[in-house]
Amino acid sequence: FLSKISKYSPNQQAGVIAVSVPKEMATAGSGFSFPLPAQVTEAAGANAPVRVTTTAGDPLPGWLKFNPETKVFAASAVPDGAFPMQVVVTVAGTRTVVVISERSE
């Protein structure tokens, strides 16, 4: 996976993390997983609560899960047209947008 992480500053908008999922994993019916980059949680401490929502503040769709203990996103049965998708990760008041997209290569 490719990921780009912007500068992390506590107590404000942290930036954007871009995650590129290989095309064969992003097709309908396939799944994938990736860890939340450590930089997102380091400034707040390893035990800081992590909240993940859609950009509208709603729960994640049923096919995408986030495990707060392992800090891993996992997707199963990805629907057609799911990407690009944006989710918001909030740690100790700092919001980071994670953009999940399909790698075109």
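Visitor: How many of the residues in the protein chain score at least 70, and what is the average pLDDT?

Guide: In this predicted model, 75% of the residues of the protein chain score at least 70, and the average pLDDT is 77.

Visitor: Where in the protein chain is confidence lowest, and where is it highest?

Guide: Strand β1 (residues 2–5) has the lowest confidence, with a mean of 41, while strand β5 (residues 64–67) has the highest, at 93. Over residues 1–13 pLDDT stays under 50, and for this stretch the model has 42 contacts beyond four places in sequence. Where pLDDT is low, the predicted coordinates should not be read in detail.

Visitor: Which elements make up the protein chain?

Guide: The protein chain holds 2 helices and 8 strands. Read from the N terminus, the order is β-β-α-β-α-β-β-β-β-β. The chain has 105 residues, of which 42% count as buried. Of the contacts between residues at least 6 apart in sequence, 59% join residues at least 24 apart.

Visitor: Why is threonine 53 called buried?

Guide: Buried requires a relative accessible area under 20%. Threonine 53 has a value of 10%, and therefore it counts as buried. Threonine 53 belongs to strand β4 (residues 50–54). Not counting residues up to four places away in sequence, threonine 53 touches Asp58, Leu60, Val87 and Val88.

Visitor: Why is serine 20 also called buried?

Guide: The same cut-off of under 20% applies. The relative accessible area of serine 20 is 11%, so this residue too is buried. Serine 20 lies in strand β2. Between serine 20 and serine 101 there are 5.0 Å in space, C-alpha to C-alpha, although the two are 81 residues apart in sequence.

Visitor: What makes a set of residues a nonpolar core, and which residues have the most contacts inside the largest one?

Guide: The members must be buried residues from a list of nonpolar types, joined through side-chain atoms within 4.5 Å. The largest such core has 25 residues, and Leu64, Phe73 and Val89 have the most contacts inside it. Strands β2 (15–22), β3 (32–35), β4, β5, β6 (72–75), β7 (85–91) and β8 (94–103) each supply at least two residues of this core. Strand β7 gives the most, with 4 residues. In soluble globular proteins, nonpolar side chains tend to be buried together.

Visitor: Which residues are in contact with phenylalanine 73?

Guide: With neighbours within four places in sequence left aside, the contacts of phenylalanine 73 include Phe32, Phe34, Val52, Leu60, Leu64, Phe66, Val87 and Val89.

Visitor: Why are β3 and β5 called edge strands?

Guide: The open sheet has 3 strands in the order β3-β6-β5, with antiparallel pairing. Strands β3 and β5 each pair on one side only, and they are the edge strands. From one strand to the next, the twist averages 15°.

Visitor: Why does lysine 71 count as buried, and why does alanine 92 count as partly exposed?

Guide: Buried means under 20%, exposed means over 50%, and partly exposed lies in between. Lysine 71, at 16% relative accessibility, therefore counts as buried. Alanine 92, at 46%, therefore counts as partly exposed. Alanine 92, in the loop between β7 and β8, also has a positive phi, about 50°.

Visitor: Which residues does a cis peptide bond join?

Guide: The cis bond joins phenylalanine 83 and proline 84, with omega about 0°. Most peptide bonds are trans. Proline 84 is in the loop between β6 and β7.

Notes: Residues are numbered from 1 along each chain as its sequence is written. This is a predicted model: local features need pLDDT of at least 70, side-chain atom pairs count only at pLDDT 80 or more; totals for chains, interfaces and linings use all residues. Side-chain values use heavy atoms; hydrogens and water are left out. pLDDT is the predictor's confidence in each residue, from 0 to 100. Contact means heavy atoms within 4.5 Å. Buried means under 20% relative accessible area, exposed over 50%, partly exposed in between (1.4 Å probe, protein chains only). Two strands pair if DSSP finds at least two bridges between them. Axes are lines fitted to C-alpha atoms, for helices over the stretch in contact, and angles run from 0 to 180 degrees between N-to-C directions.
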